Amino acid sequence: MGMTMAEKILAKASGNKSVSPGDIVMAKIDTAMVHDITGPLTVNTLKKEGITKVWDNEKIVILFDHQIPADSITAAENHILLRKFVKEQNIKYFYDINEGVCHQVLPEKGHVLPGTVVVGADSHTCTHGAFGAFATGIGSTDMAAVFATGELWFKVPETLYFNITGDLQPYVMSKDLILHIIGEVGFDGATYKAAEFGGETVKNLSIASRMTMSNMAIEMGGKAGLIAPDEKTVNFVKEAMAKNNINKEFEIIKSDEDAEYEEVYDIEADKLEPVFACPHAVDNVKQCREVAGRPIDQVFIGSCTNGRLEDLRAAIEIIEKHGGICEDIRVVVTPASREVMLKAMEEGIIQKFYKYGCVVTNPSCSACMGALYGILGPGEVGVATSNRNFKGREGSLDSEVYLASPITAAACAVKGELIDPRDL
């Protein structure tokens with residue numbers, strides 16, 4: 001019997017010829033990442049255990065993205081602690097407050113390679129499965145074990161395969177596709193399972209759109225969200241490594257044709273419509289027209305889910321086409337990285353957002369974490385291109401968040417209420 005991508009990568013990383021779902025393996029880690037929120041606990045755990053040297057200073061990435069620039073004394077202290085650790089351990093890859101969101105920066109800087117095992121002390125590390133890596137989020141204390149040994153144990157997951165066919169229709173994006181899948185599977189339908197996305201639709205998606213898909217695998221409980229590497233993947237990875245003077249070999253690993261999946265879902269992309277994930281659950285998915293008409297207070301365009309260049313392009317195109325945003329609402333725009341910001345500036349996108357009254361912030365987690373920019377107040381309603389809409393996710397416990405694609409979010413900004421973008 002053949003193996004899935006997840007099984008083959010974990011078998012390689014653990015030195016086994018083959019593995020099966022349920023097996024416990026000790027896998028070697030290729031890339032380990034912490035950020036300014038999760039890193040301090042990792043570092044303090046190492047100190048508590050008397051560990052004075054990390055296993056490999058070139059396989060660890062430390063990055064600031066959640067509270068940047070520091071927005072409290074505690075945040076500043078965390079930054080100081082991590083900067084000191086970087087110097088003590090001679091960590092080669094450290095990105096301070098100026099680069100952006102970890103899940104965007106890591107692949108841009110050439111740290112995510114096909115066929116590798118990537119762990120991050122952040123749940124949305126599964127984003128990197130879009131590059132054919134087994135990428136998953138782990139806890140800060142588990143990360144301390146990785147920093148010390150370069151290894152971590154995993155239970156080999158079952159895999160759910162999503163066979164997606166057909167063309168996405170106008171005004172429908174990969175965000176609508178993944179929200180549809182989450183609505184079908186449920187918030188816990190893929191718990192500790194790998195989600196593998198395939199089919200002609202996925203092959204036709206851009207790298208950015210694939211990242212959106214993998215990013216939200218965790219929202220149905222997934223351990224990882226994988227997409228088989230192809231020419232687009234290889235081109236992106238090689239270009240990123242070349243730009244950042246990284247010279248590493250990598251292996252293209254795909255599922256065997258006779259791989260056994262726990263379940264196969266057939267999705268007809270051409271039948272999908274724009275959707276919202278309605279409060280207060282990501283799997284509470286409804287077609288936009290079902291909830292259209294509700295007034296809103298704020299739109300957030302950004303995050304590790306939809307803060308890439310193609311997302312900003314799609315949003316500003318809608319806003320510009322319809323002459324600007326509704327004067328009664330706020331629009332917060334946060335590019336996912338400095339690279340995205342610079343390209344958006346070169347194309348005049350940032351200038352246009354400002355022209356139409358939007359607020360553009362520095363690349364960061366921004367409103368998505370509910371503790372930096374764009375906090376919602378009691379009773380307020382927001383539309384966000386981010387990945388979670390739990391109570392209090394963007395601020396007040398008495399606020400509500402509707403998740404949507406950049407196109408739909410921009411349409412809501414134009415109208416000042418929930419709307420299907422096809423109905424503007």
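Reader: Is glutamate 339 buried, partly exposed or exposed, and what is its relative accessible area?
Author: The model is a predicted one. Buried means under 20% relative accessible area and exposed means over 50%, with partly exposed in between. Glutamate 339 falls in the partly exposed class, and its relative accessible area is 24%.

Reader: Which residue does glutamate 339 meet in a salt bridge?
Author: The N to O distance in this salt bridge is 3.4 Å. In general, an α-helix has 3.6 residues a turn, so residues three or four places apart point the same way. The partner of glutamate 339 is lysine 343.

Reader: What is the relative accessibility of lysine 343?
Author: Exposed would need over 50%, and buried under 20%. Lysine 343 counts as partly exposed, at a relative accessibility of 36%.

Reader: How many residues apart in sequence are the parts tied together by glutamate 99 and arginine 338?
Author: Glutamate 99 and arginine 338 form a salt bridge, with 2.6 Å between the closest N and O atoms. Glutamate 99 sits in the loop between strand E4 and helix H4, while arginine 338 belongs to helix H13, so the pair ties together parts whose separation in sequence is 239 residues.

Reader: Where in the chain does the salt-bridge partner of arginine 294 lie?
Author: Arginine 294 forms a salt bridge with glutamate 400, the closest N and O atoms being 2.3 Å apart. Arginine 294 is in the loop between helix H10 and strand E14, and the pair links distant parts of the chain, 106 residues apart. Glutamate 400 lies in strand E18.

Reader: What are the relative accessible areas of arginine 294 and glutamate 400?
Author: Arginine 294 is partly exposed at 32%. Glutamate 400 is also partly exposed, and its value is 22%.

Reader: Which residues are linked with Arg289 in a network of salt bridges?
Author: The count for the model comes to 21 salt bridges. The network that holds Arg289 also links Glu273, Asp420, Arg422 and Asp423.

Reader: Why is helix H8 largely enclosed by the rest of the structure, and how many of its residues are buried?
Author: Helix H8 covers residues 207-215. Among its buried residues are Ile207, Arg210, Met213 and Asn215.

Notes: Residues are numbered from 1 along each chain as its sequence is written. This is a predicted model: local features need pLDDT of at least 70, side-chain atom pairs count only at pLDDT 80 or more; totals for chains, interfaces and linings use all residues. Side-chain values use heavy atoms; hydrogens and water are left out. Buried means under 20% relative accessible area, exposed over 50%, partly exposed in between (1.4 Å probe, protein chains only). Helices (H or I, at least four residues) and strands (E, at least two) are DSSP runs, numbered from the N terminus. A salt bridge is a side-chain nitrogen of Lys or Arg within 4 Å of a carboxyl oxygen of Asp or Glu.
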